[in-house]
Amino acid sequence: MKEFDQAFIQAPEHRPNLSAVESDGIPTIDLSPIFNSPDGTFPDDLVRQIASASIDWGFFLVVNHGVPAEKRRRMEAASREFFGRSLEEKRTVMKVEGMVTGYSDMELTKNVRDWKEVFDFIVADPTVVPVSPEPDDHRLTHWTNRWPTYLPKFREAGKEYAEELEKLGHKLVELIAVSLGLPAQRFRDYFKEKTSMVRLNHYPPCSLPEMALGVGRHNDPGVLTMLAQDDVGGLEVKRKRDGEWIRVKPVPDSYVVNVGNVTQVWSNERYESVEHRVMVNDKKERYSIAFFFNPSHSTIVEPLEELIDPENPPKYQSYLWGKLLFNKCARLSRDLKLQYSSF
């Protein structure tokens, strides 16, 4: 215990329960009907499943989702190859202050260091974002990707994978819209200048898995997150009805989808963004790939007028997505600067 870096140790009330069993309770939804529909509409049963899962869990798994298996395998292989490189090589594309893309092994969640290393890249390169969080500052800047030059196929694998996940994201958002009683294309205009990102995660074996977490408890700020995970498992979801942490059982070739904070606001809390975290273990490394489906920087996030009435007044004030994104990324950047400066 003395040799274990104290920066990783969770407070007692947030430490994982290693004896918890994996659960089949989180719904698995077959998306094949959306590809077989002759008129392009969504079957009522599928829409009901999406609504039920979003209300009861804020999470669901999707299978037969249309993402080509070979493109996922290429992305997974590229991720393993990158994380298998030396720390010196990986840090040639290390995140520094002001950069949101690249490599990091020093991230914090709620001021506790995560037992992981990550590589982030943006889907639209460049991605347009605000210069500052100030409401009256309308200046814009852009983010760009940083790819390791020693892995020439990494960039192509990432681009092809992101294109497929973006297609899936649009289909899921259409389903979300219909499940809320809205037209399928209700959200389309919010994604004209997307700010979506991909995160490659690697969780090495941990000598004290009962003390640390791969990622501490958190909610996702965007619209939806789509997660590809390997067969090791470790993702836990906080069950809404009783607050218990439920481990998500890996399902081959599936994606774990969760509602983000933007969807919670759009739906005026009909659908909730649920806390989740990642456990680690002392025997096996774990890999996952998260796709954060985010709207344009200029999107004003607020409860949709169609879902508001005298009996259901708005529960949230409006905010500009780009400003919130800037704040979040600036905070992460400051955390990284402090972490690296201590070495």
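Predicted model: local features only at pLDDT ≥ 70, side-chain atom pairs only at ≥ 80, totals over all residues.
Let me begin with the largest pocket. The space inside the largest pocket comes to about 1,000 Å³. Its lining is formed by 47 residues, and those nearest the centre of the pocket are Arg199, His218, Asp220, Pro221 and Lys328. Several elements each give two or more residues to this lining: strand 5 (108–109), strand 10 (197–203), strand 11 (215–218), strand 12 (224–229), strand 15 (255–259), strand 16 (276–278), strand 17 (286–293) and helix 7 (321–341). Of these, helix 7 contributes the most, with ten residues. Sorted by class, the lining holds 20 nonpolar, 13 polar and 14 charged residues.

I turn now to the helices, and in particular to helix 5, residues 154–179. Which helices does it meet here? Helix 3 is one, with its axis coming within 9 Å of that of helix 5, and helix 2 is another, also with an axis approach within 9 Å.

Consider helix 3, residues 69–83, whose axis crosses that of helix 5 at roughly 140°. The two helices are therefore classed as oblique. The crossing is left-handed. On the side of helix 3, the contact involves Lys71, Arg72, Arg74, Met75, Ala78 and Phe82. Helix 5 answers with Phe154, Glu156, Ala157, Gly158, Glu160, Tyr161 and Glu164. The composition of this contact is six nonpolar, one polar and six charged residues.

Helix 2, residues 44–56, crosses helix 5 at roughly 85°. These two helices are therefore roughly perpendicular to each other. Helix 2 brings Leu46, Val47, Ile50, Ala51 and Ser54 to the contact, while helix 5 supplies Leu175, Ile176, Val178 and Ser179. How many charged residues does the contact of helix 2 with helix 5 have? It has none; the classes present are seven nonpolar and two polar residues. For helix 3 with helix 5, by comparison, I recall the count of six charged residues.

Finally, I would draw attention to two features of the backbone. The peptide bond from Asp125 to Pro126 is cis, and its omega is near 10°. Pro126 is placed in the loop that links strand 7 (117–122) with strand 8 (127–130). The other feature concerns Asn64, a residue that is not a glycine and yet has a positive phi of about 50°. Asn64 is found in the loop between strand 3 (59–63) and helix 3, and helix 3 is the helix already described as crossing helix 5 at roughly 140°.

Methods:
Residues numbered from 1 in each chain as written. Heavy atoms only, no water. 1 Å grid on protein atoms, 1.4 Å probe; cavity = no way out; pocket = protein on both sides within 12 Å on 5 of 7 lines; lining within 4 Å. Points joined across faces, edges and corners; volume = space filled by probe spheres on them. Helix = DSSP H or I, 4+ residues; strand = E, 2+ residues; numbered from the N terminus. Nonpolar A, V, L, I, M, F, W, Y, C, P; charged D, E, K, R; others polar. Axes fitted to C-alpha atoms, helices over the stretch in contact; angles between N-to-C directions. Parallel < 35°, antiparallel > 145°, perpendicular 65-115°, else oblique. Left-handed = near helix turned anticlockwise from the far one by under 90°. Contact = heavy atoms within 4.5 Å.
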